[in-house]
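Student: I would like to learn how to read a structure feature by feature. Could you take me through this one, giving the general idea before each case?

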Amino acid sequence: MSYQLSAVVADVELLREQIADLDHAVLAALRQDFALLPVTPQLVEELTGALPDFHPEEPTAEQPFELVFSPALGALLDSWSRRGPVAYLEAEFAGGLGRQASAVWLGGRLSWGPRFDHTFTLPRGEWPINAALVRLGAEPGRWLDPFAELGLHLERNTAGWLAHGRRGLTADYWDELAEEWEERQFPADQQPERPGPVVDWGIL
């Protein structure tokens, strides 16, 4: 199975305020009062006045993002971060192999990163996306790591996140569906034992 992500993540009220007048911005709900803003070419053009550029080579530690950060796009994230931390996240996985990268803006400037990884030999908490989410204020919970705790595993690509946002789904939507199905299939005293909440990048 594959996984692709290109998105801005921040406090839901911060993002809602910044995109209120945009036609191509769709917010998808995450847990802990965060939201995800899928970064599409149409959104970048609306925000900056120009379509985005993409690096032709595969991302590396020296050039961690596929998306080219134009001066206008960087200035925009600088501006948003004056109201609170803002992260840009990228990931692409297929068949257990892939990459992820992240950066965090705070106080009107890039404050952390960019960070890139494709080997994942460091502890899970130091992977780029997890580390960025902690810097946004993500707190530990019942899930394996911040990525899963906020619900970033729920959709597998930009189209999925756009649909998630347009339908107004919560981050617990799929858990709620599973629970409803179990209640219909089994009597109350015969509910199956559900596995713990684990998300493994190796199967994305």
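Student: Is Glu 66 buried, partly exposed or exposed, and what is its relative accessibility?

Tutor: Please keep in mind throughout that this is a predicted model. Glu 66 has a relative accessibility of 33%, and it therefore counts as partly exposed, since the buried class ends under 20% and the exposed class begins over 50%.

Student: With which side chain does Glu 66 meet in a salt bridge?

Tutor: The general idea is that side chains of opposite charge can pair when their charged atoms come close. Here the side chain of Glu 66 meets that of Arg 99 in a salt bridge, at 3.4 Å from N to O. This pair links distant parts of the chain, for Arg 99 belongs to strand E5 while Glu 66 sits in the loop between helix H2 (41-48) and helix H3 (71-80), 33 residues apart. Arg 99 has a relative accessibility of 7% and so counts as buried.

Student: Where does Arg 16 find its salt-bridge partner?

Tutor: Arg 16 forms its salt bridge with Glu 13, and the closest N and O atoms are 2.6 Å apart. Both residues lie in helix H1 (residues 12-18), three residues apart, which is about one turn of the helix. Arg 16 is partly exposed, with a relative accessible area of 42%, and Glu 13, at 45% relative accessibility, is partly exposed as well.

Student: What does the salt bridge of Arg 124 and Asp 145 tie together?

Tutor: In this salt bridge the closest N and O atoms of Arg 124 and Asp 145 are 2.7 Å apart. Arg 124 lies in the loop between E6 and H4 and Asp 145 in the loop between H4 and H5, so the pair ties together parts that are 21 residues apart in sequence. Arg 124 is partly exposed, with a relative accessible area of 23%, whereas Asp 145 is buried, with a relative accessible area of 6%.

Student: How should I read a strand, and which residues cover the two faces of E3?

Tutor: In a regular strand the side chains alternate between the two faces of the sheet. In E3, Phe 34, Leu 36 and Pro 38 lie on one side, Ala 35 and Leu 37 lie on the other, and all of these are buried. Because five of the five residues of E3 (residues 34-38) are buried, the strand is largely enclosed by the rest of the structure.

Student: Which strands pair with E3?

Tutor: Strand E1 (residues 2-11) runs antiparallel to E3 and is joined to it by five bridges, one of which has Ala 10 and Ala 35 as partners. Strand E2 (residues 28-29) also pairs with E3 in the antiparallel sense, over two bridges, and there Ala 28 has Leu 36 as its bridge partner. In the hairpin of E2 and E3, four residues stand between the strands, and Gln 32 takes a positive phi near 60°.

Student: How many residues of helix H4 are buried, and against what do they pack?

Tutor: Seven of the nine residues of H4 (residues 128-136) are buried, and the helix is mostly covered. Its buried residues pack against E1, E3, strand E4 (86-94), E5, strand E6 (109-117) and helix H5 (146-150). After H4 comes Gly 137, with a positive phi near 115°.

Student: How is a pair of aromatic rings described, and how are Phe 69 and Tyr 88 arranged?

Tutor: A pair of aromatic rings is described by the distance of the centres and the angle of the planes. The structure holds seven aromatic pairs. For Phe 69 and Tyr 88 the ring centres are 5.1 Å apart and the planes are at 80°, so this pair is edge-to-face. Ring pairs also link Phe 65, Phe 69, Tyr 88 and Trp 105 into a cluster.

Technical notes. Residues are numbered from 1 along each chain as its sequence is written. This is a predicted model: local features need pLDDT of at least 70, side-chain atom pairs count only at pLDDT 80 or more; totals for chains, interfaces and linings use all residues. Side-chain values use heavy atoms; hydrogens and water are left out. Buried means under 20% relative accessible area, exposed over 50%, partly exposed in between (1.4 Å probe, protein chains only). Two strands pair if DSSP finds at least two bridges between them. Contact means heavy atoms within 4.5 Å. A salt bridge is a side-chain nitrogen of Lys or Arg within 4 Å of a carboxyl oxygen of Asp or Glu. Rings of Phe, Tyr and Trp (its six-membered ring) pair if their centres lie within 6.5 Å; planes under 30 degrees apart count as stacked, over 60 as edge-to-face and the rest as tilted.
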